[in-house]
Amino acid sequence: MDFVSISFFTFVLLMSNIHGPFGRMIMNTQFETDLESKGFIDEPIDPSLDIVAEIQRLKKEKNAVILAHYYQDAEIQDIADYIGDSLGLSQQAAKTDADVIVFAGVHFMAETAKILSPKKKVLLPDLKAGCSLSDSCPPHLFAKFKEQYPDHLVITYVNCTAELKALSDIVCTSSNAVQIVESLPKDQKIIFGPDRNLGDYVRKKTGRDLVLWNGACMVHEIFSQDKIADLRKQFPEAKFIAHPECEEHILATADYIGSTSGMLKYTIENPAQQFIVATESGILHQMQKASPNKLFIPAPPNNVCACNDCPHMKLNTLEKLYNCLYYGLPEVDLDPAVIERARLPIERMLEISERFGL
Ligand code: 13P
Ligand code: SF4
């Protein structure tokens, strides 16, 4: 909503929200409508406001922490207290002593934070920030799939709903999937879901015969092998690095495969000066910050768009983040029974990761 187009009625409501219970009731209804239809609090922000300074002030006032994934917009990464991959973010969510966690990421990440810190208020700037990979595995269908393999242990990639985690034995991320599978006895039968590309990568790395769920991420499935090959001819010195959510034929040509934090570390430690990066483009911000003199080229997708943006991750904006901190909404809440069941598989993941020094 444009600030100048704010109606007098909305202005009165805003004032009433501050000054009286009747106004607050109307305001809450307005918020409920916004959250249901839009997924975020769509209140106008004074354009003269120093939004970054205000976010910092509100953070202190509310004892809030901002956890941001590497795929967030640069301006969100720059105000975050912690920027990381899915594993790092879960570890932070489990140990923070803040009262409020503002999760600048997608819904399943905020849910994971809530499961690990159920007494804390977990806010997500836009409730509609979902995940195509998570959507590719509806829990009721997965439960049926699981029934076909009663003697299998279930490992699920963290990119799934809380309900799916509740159906799992161990959760993993792209940073620890190989180690988690390897920590199990060699004869242990395993179902791995929902990402078939990560599952296939883990299968090759470990030599285990995993039963895979056929899910995938929309961002990592669009890279063009031919265009990457052309780019490599153009930049023969460049290293090609890829996230394990990419398809097998893309991974087959990579110099390095790893999670977002693994890729970032590789670009810092490797002496190469040029890198072709096959993952969501948000990570390039930290790569460029850490190595300002190196060249980072986003791997080209199969379509005409040259951007590798995750449309879900990019739903979060600084304005939505400000409103979310200011109004304490939208909040991610979960059924306590789901929290109870989903907690153990996530804690197992954290425990195994610690054992491996991850
Ligand atoms: P990581 O940050 O764990 O590498 O995962 C990438 C991802 O797809 C998050 O949605
Ligand atoms: Fe989901 Fe893919 Fe977006 Fe990650 S990049 S949040 S896996 S859709």
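Pro244 is buried, since 25 other C-beta atoms lie within 10 Å; the term applies when 20 or more other C-beta atoms lie within 10 Å of a residue's own, whereas 12 or fewer make it exposed and counts in between make it partly exposed, with C-beta atoms placed from the backbone. The structure is a predicted model, in which local features need pLDDT of at least 70 and side-chain atom pairs count only at pLDDT 80 or more, while totals for chains, interfaces and linings use all residues. Residues are numbered from 1 along each chain as its sequence is written, and chains are lettered from A and ligands numbered from 1 in the order in which they are written.

**Annotated positions**

Pro244 sits in the loop between strand S9 (239-242) and helix H13 (248-251). Helices (H or I, at least four residues) and strands (E, at least two) are DSSP runs, numbered from the N terminus. Beyond the neighbours within four places in sequence, Pro244 contacts Ser174, Asn197, Leu198, Tyr201, Leu251 and Ile257; contact requires C-beta atoms, placed from the backbone, within 7 Å.

An unreviewed UniProt entry carries the annotation "binding site" for positions including His69, Ser174 and Pro244. Such positions are given in the numbering used here, feature names are shortened, and annotations may be inferred rather than shown by experiment. His69 belongs to strand S1 (residues 64-69). With neighbours within four places in sequence left aside, the contacts of His69 are Leu89, Ala104, Gly105, Met109 and Met313.

Thr33 lies in helix H2 (residues 21-37). Its C-alpha atom is 28 Å from that of Leu164, 131 residues away along the chain.

| Residue | C-beta atoms within 10 Å | Class |
|---|---|---|
| His69 | 26 other C-beta atoms | buried |
| Pro244 | 25 other C-beta atoms | buried |
| Thr33 | 11 C-beta neighbours | exposed |

**Surroundings of ligand 2**

Ligand 2 is surrounded by 13 residues, the closest being Cys131, Leu133, Cys217, Val219 and Cys310; a residue is near a molecule if its C-beta atom, placed from the backbone, lies within 6 Å of it. By class, this shell holds nine nonpolar residues, three polar and one charged. Ala, Val, Leu, Ile, Met, Phe, Trp, Tyr, Cys and Pro count as nonpolar, Asp, Glu, Lys and Arg as charged, and the others, Gly among them, as polar.

**Helices H5 and H17**

The axes of helix H5 (residues 86-95) and helix H17 (residues 336-355) come within 11 Å and cross at roughly 105°. H5 is therefore roughly perpendicular to H17. On the H5 side, the contact involves Leu87, Ser90, Gln91 and Ala94, and on the H17 side Ile346, Leu350 and Ser353. Axes are lines fitted to C-alpha atoms, for helices over the stretch in contact, and angles run from 0 to 180 degrees between N-to-C directions. Angles of 65 to 115 degrees count as roughly perpendicular, under 35 as roughly parallel, over 145 as roughly antiparallel and the rest as oblique.

Notes:
Two residues are in contact if their C-beta atoms, placed from the backbone, lie within 7 Å.
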